[in-house]
Amino acid sequence: MIREHDRIVLTAPVARERLEKGDVGTVVDVYPDGKAFEVEFTTLDGHTAAVATVEASSVRPVTGREITHSRELTAP
């Protein structure tokens with residue numbers, strides 16, 4: 001079960017926010033019945049890159065066997 005403040009990984013892109021599959025974010029709100037989440041995505045220097053509403057089917061929890069990968073944001 002994904003809860004507020006959990007780290008998640010996108011399993012599908014969110015094109016309107018320029019987010020890609022594999023991007024990691026932090027859950028800032030859980031919608032009723034856990035059907036969707038409000039997720040904040042930050043740059044490595046701590047700036048907010050996007051806050052997006054993401055359906056539960058498009059995210060998964062972070063596991064202890066993963067490492068962070070870096071990519072540059074695309075221009076709007």
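**View 1. The whole chain and its surface.** The chain exposes about 5400 Å², of which carbon and sulfur atoms supply 52%. The model shown here is a predicted one, and of the 76 residues of the chain, 26% count as buried. The C-alpha trace spans about 35 × 30 × 20 Å along its principal axes. A compact globule of 76 residues would have a radius of gyration near 11 Å, and the 12 Å of the chain therefore agrees with that expectation. As for charge, the chain carries 9 positive and 13 negative charges, whose mean positions lie 6 Å apart.

View 2. The secondary structure comprises five strands and zero helices, so that, by the assignment of DSSP runs, the pattern read along the sequence is β-β-β-β-β. Among the contacts in the chain with a separation of 6 or more, 40% are accounted for by residues 24 or more positions apart.

**View 3. The largest nonpolar core.** This core has 13 residues, and those with the most contacts inside it are I8, L10, L19, V39, F41, V54 and V59. Two or more residues are given to the core by each of the elements β1 (7-10), β3 (36-42) and β4. In soluble globular proteins, nonpolar side chains tend to be buried together.

**View 4. The surroundings of I8.** Which residues does I8 touch, not counting those up to four places away in sequence? They are I2, D23, V24, G25, V27, V39, F41, V59, R60 and V62.

**View 5. S58 in its loop.** S58 lies in the loop between β4 (48-55) and β5 (59-61). Is S58 buried or exposed? Its relative accessible area is 18%, and because buried means under 20%, S58 counts as buried.

View 6. Apart from neighbours within four places in sequence, V62 is in contact with R7, I8, V9 and V24. The C-alpha atoms of V62 and G25 are separated by 9.5 Å, although these two residues stand 37 residues apart along the chain.

Notes: Residues numbered from 1 in each chain as written. Predicted model: local features only at pLDDT ≥ 70, side-chain atom pairs only at ≥ 80, totals over all residues. Heavy atoms only, no water. Helix = DSSP H or I, 4+ residues; strand = E, 2+ residues; numbered from the N terminus. Rg over C-alpha atoms; globule rule 2.2 N^0.38 Å. Buried < 20%, exposed > 50% of the residue type's maximum accessible area, 1.4 Å probe, protein only. Contact = heavy atoms within 4.5 Å. Areas by Shrake-Rupley, 256 points an atom, 1.4 Å probe, with all protein chains shown as cover. Lys, Arg positive; Asp, Glu negative; His and termini not counted. Charge placed at Lys NZ, Arg CZ, Asp CG, Glu CD. Core = buried A, V, L, I, M, F, W, Y, C linked by side-chain atoms within 4.5 Å.
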